[in-house]
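Please read them with the structure open beside you.

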Amino acid sequence: MSPEMSVEGQEDYDLVVVGGGPGGSTLAALVAMHGHRVLVLEKESFPRYQIGESLLPATVHGICRMTGAADRLAAAGFTRKRGGTFRWGVSPEPWAFSFSVSPKMAGASSFAYQVQREKFDKILLDNAASKGAEVREQASVTDVIEDNDRVTGVVYTDADGIEHQVPAKFVVDASGHRSRIYKRVGGTREYSDFFRSLALFGYFENGKRLPSPNSGNILSAAFESGWFWYIPLSDTLTSVGAVVRREMATRVQGDPEEALKSLIGECPLISEYLSEATRVTEGTYGQIRVRKDYSYHHTTFWRPGLALIGDAACFVDPVFSSGVHLATYSGLLAARSVNSVLAGQVDEATAFDEFEARYRREYGVFYEFLMSFYDMHVDENSYFWSAKKVTNNQHSELEAFVDLVGGVSSADFGAHDAESLTQRFKTRSVEFANAVDKMAADDEGSMVPLFKSSIVRQAMKEGAAIQTGVLLGADRGTEVPMFPGGLVPSEDGMFWRVPDLA
Ligand SMILES: Cc1cc2nc3c(=O)[nH]c(=O)nc-3n(C[C@H](O)[C@H](O)[C@H](O)COP(=O)(O)OP(=O)(O)OC[C@H]3O[C@@H](n4cnc5c(N)ncnc54)[C@H](O)[C@@H]3O)c2cc1C
């Protein structure tokens, strides 16, 4: 052992979480709350910048209520998001949906937040510490420790460059898309052919706002080269990003400032909203940032002693703001598995197979939903149409998707070959596009048709179920397993249990 290496053998952690983003701090809080010894190792010093600012209600009212962070979030003064406004599809007019249309999200919980991630992530990490998790910042995990087939701890380097070994019963990689720890689970990371995109984003002061009551909505506007997000982070600050095809990388990387300006010029709606705005050029929000190739899934999510959650496991295009939902949801699923195994209620393989199956299923639902969403944009010159051609001409992505969902839920994913899946995507996008058209044609702007479309219902279902479960507590009724022979959540949602099928 080198003189700089310290072994923290006396610190017998039940769980080491790699990364203190939303996935990691959700998991850490939910396991520490049960008296287990949890260590979070976070490479950066919080607050730190992160993209992913538009949330979904299930995160705010479901999972963050379970972790105890909801009141801190409510006090932080984030912009309230009632839904989304889209200039998308055949209609030249923007259309809007609001979360309140779903009966499960009606009333006081029919909103989410638009968040400055440095503040949001710090609230979640501080909350995990307040529940008993130990948090070490500027602690960069460089590898895992193995004993035969099992992962038994991690190696990390602290701010002084000193290397430490920490043994643990479980290690969960929640380190996002950038770190390399996920490779130690085995398998491979598969990148999407369909969502081969690149995002270019910056921040503006004094951009316009949508008319009330939708002023806090995310505005998503499609244009020929791609689509824009326009997220009101405060009364004056707006996050603006263009998602374009990856082939535009040279144009974007040469001069990002000029590239963003010219893309804004191509999109009349965003140009109009930014006509009196100035770009922020200093501080955290002063840079124009670029992200590319960000849709992927890993072929396996766990091995004995190690699991992947959040972006470390998979990520799909940001158009429906699903990233933080998937990160916190997978944090909840992993917490149930760790809590159940530590309590001796379920064996590791059964608990983590349930975790993986449910996380893949939720990811698959969003993946399919987003393909339908892109597909309804029927302008043949558009980027979306090109993306669609990729899918129709080469089935590789669909096949990967079939692999992803295959065997996971025969009830929900009856189509197990690429042809029938292509057909299903087509049917669903037509159904979805019709629902939007009906909504636009309705004088009172009723959103009921949108929520009647099966793909939207499905995408909202699991999030709404978590939210309802939390709001109704133990009265939510007995769940049936999602998969044959599978587990169900305990009444408080913190454990798995074998269903009573009598
Ligand atoms: C262009 C774009 C737009 C997006 N927009 C949205 C949106 O509007 N809404 C939404 O919900 N999502 C959005 N997302 C997705 C969102 O950014 C992510 O899904 C989300 O942040 C994932 O959370 P996480 O906890 O898995 O990882 P992260 O938030 O990435 O957190 C991981 C943490 O791990 C730390 N870490 C990394 N390596 C190590 C290491 N070796 N050791 C210790 N710590 C480490 C990092 O410092 C970081 O703090 C967007 C993504 C992109 C690319």
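1. A polar side-chain atom of glutamine 50 lies 2.7 Å from an oxygen atom of the ligand. Keep in mind that this is a predicted model.

2. At lysine 43, a backbone N or O atom is 3.0 Å from a nitrogen atom of the ligand. At serine 321, a polar backbone atom is 3.4 Å from an oxygen atom of the ligand. The ligand taken alone exposes 1,000 Å², and the protein buries 97% of that.

3. Helix H1 (22-32), strand E9 (140-147) and helix H8 (323-342) are the elements that give two or more residues to the shell around the ligand. H8 gives the most, with three residues.

4. How many residues surround the ligand? There are 37, and the closest are Glu42, Gln50, Ile51, Ser54 and Val324. By type, the shell divides into 15 nonpolar, 14 polar and eight charged residues.

5. A separate point concerns helix H2. Helix H2 spans residues 57-67 and is mostly covered, with 10 of its 11 residues buried. Among the buried residues of H2 are Pro57, Val60, His61, Ile63 and Met66. Both Gly62 and Cys64 are also on the buried list.

6. What happens just after H2? There, glycine 68 takes a positive phi of about 90 degrees.

Key: Residues are numbered from 1 along each chain as its sequence is written. This is a predicted model: local features need pLDDT of at least 70, side-chain atom pairs count only at pLDDT 80 or more; totals for chains, interfaces and linings use all residues. Side-chain values use heavy atoms; hydrogens and water are left out. A residue is near a molecule or strand if one of its heavy atoms lies within 4 Å of it. A polar contact is a pair of N or O atoms within 3.5 Å; within protein, one must be able to donate a hydrogen and the other to accept it, and residues adjacent in sequence count only if both atoms are side-chain atoms. Accessible areas come from the Shrake-Rupley method with a 1.4 Å probe; for residues, only the protein chains shown count as cover. Helices (H or I, at least four residues) and strands (E, at least two) are DSSP runs, numbered from the N terminus. Ala, Val, Leu, Ile, Met, Phe, Trp, Tyr, Cys and Pro count as nonpolar, Asp, Glu, Lys and Arg as charged, and the others, Gly among them, as polar. Buried means under 20% relative accessible area, exposed over 50%, partly exposed in between (1.4 Å probe, protein chains only).
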